[in-house]
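Biologist: I am new to this structure. Please take me through some of the terms used for it.

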Amino acid sequence: GLDDTGASQEHILQTDPLYLRGRVPALDRLMYLVCTGGFGGGDLTADQSAATSVHALAAFRAALSVQNASLMVLHTLAPPPPMDEDAGRMPQEPLVVQKLVNTLAESSLRLCSEGDVPSNEQMRVRINVVGAAGALGVFLTNGAGDTTREMLLRVPISMVPLSQEGESAPPSTLMECILTYIEYA
C-alpha cells in the first residue's frame, strides 16, 4: 500500500548508496544538490543551479515523513549509540541536520561579513544559504510539531568561527545564527 511506498523511500534515502562522486547515501547527495544546486561543478549557470536546488528541495520535502524528520532532528542532538564495537572508535560523520545547520551558519555568517565573499562566489554562497534554510524548513514543517521545532532551533553549530578582538561572540546555535543574520540583513 501507500505506507509501504513511504517506508521504501525512507530506506532508499537513508541507506542506498549512489555511485555519483563516490559512494554516498542518496540523502547526502540530495542535500548536496539542495545546498549547491550543482553550482561550480560544471557548465551550469547560476539560474540553472538555483532551479536544481529548488527541485531537489521539492523532492526532499515529498520524501521526508513526519516520523523520520523528528527522528533525524532528535539524533542530531542525541546521537544513537554505535551498532558495533568498531564504530565507537571511528570518528562519526556529522548527521544531515548538523551538516545543514553548519552550512547555513557558515554561509550566512560569511555573507554578513562585508568584503569576505568575492563577487564571483556570492551566488554560490547565497544558494548555500537558501538551500540549507529551505531544507531546515522542511524539518520545521514536516516534523512532529512544537517539539521538533524546539529541538531544531537548539542544534549547536559545530564549527563556530572564532571571534576577533573587539567583536561580539559568534553564534553557537541555529537560533543565534538566524538572529545574527536578521540583524545584519
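Modeller: Contact here means heavy atoms within 4.5 Å. The model is a predicted one.

Biologist: Which residues of H2 and H5 meet by that rule?

Modeller: From H2 there are Leu-27, Asp-28, Met-31 and Cys-35, and from H5 there are Val-96, Lys-99, Leu-100 and Thr-103. By kind, the residues of this contact are five nonpolar, one polar and two charged.

Biologist: What angle do the axes of H2 and H5 make where they cross?

Modeller: Helix H2 covers residues 26-36 and helix H5 residues 96-112; their axes come within 11 Å and cross at roughly 15°. Angles under 35 degrees count as roughly parallel, so H2 is called roughly parallel to H5. The crossing of these two helices is right-handed.

Biologist: Which residues make the contact of H2 with H3?

Modeller: On the H2 side they are Leu-27, Leu-30, Met-31, Leu-33, Val-34 and Thr-36. On the H3 side they are Ser-49, Thr-52, Ser-53, Ala-56, Leu-57, Ala-59 and Phe-60. Nine of the residues in this contact are nonpolar, four are polar and none is charged.

Biologist: What makes Met-151 a buried residue?

Modeller: Its relative accessible area is 16%. Buried means under 20%, so Met-151 qualifies.

Biologist: Where is Met-151, and which residues is it in contact with beyond its neighbours within four places in sequence?

Modeller: Met-151 is in helix H7, residues 146-153. Leaving aside those neighbours, Met-151 is in contact with Ser-70, Val-73, Leu-74 and Leu-77. The C-alpha atoms of Met-151 and Leu-140 are separated by 9.8 Å, and the two residues are eleven apart along the chain.

Biologist: How do you know what span to expect for H4?

Modeller: The expected span is 1.5 Å times one less than the number of residues. Helix H4, residues 66-77, has twelve residues, and 16 Å is expected. From first C-alpha to last, H4 reaches 17 Å, which is close to that value.

Biologist: Which residues of H4 are buried?

Modeller: They are Asn-68, Ala-69, Ser-70, Met-72, Val-73 and Thr-76. Ser-70 and Val-73 are also among the contacts of Met-151.

Technical notes: Residues numbered from 1 in each chain as written. Predicted model: local features only at pLDDT ≥ 70, side-chain atom pairs only at ≥ 80, totals over all residues. Heavy atoms only, no water. Axes fitted to C-alpha atoms, helices over the stretch in contact; angles between N-to-C directions. Parallel < 35°, antiparallel > 145°, perpendicular 65-115°, else oblique. Left-handed = near helix turned anticlockwise from the far one by under 90°. Nonpolar A, V, L, I, M, F, W, Y, C, P; charged D, E, K, R; others polar. Buried < 20%, exposed > 50% of the residue type's maximum accessible area, 1.4 Å probe, protein only.
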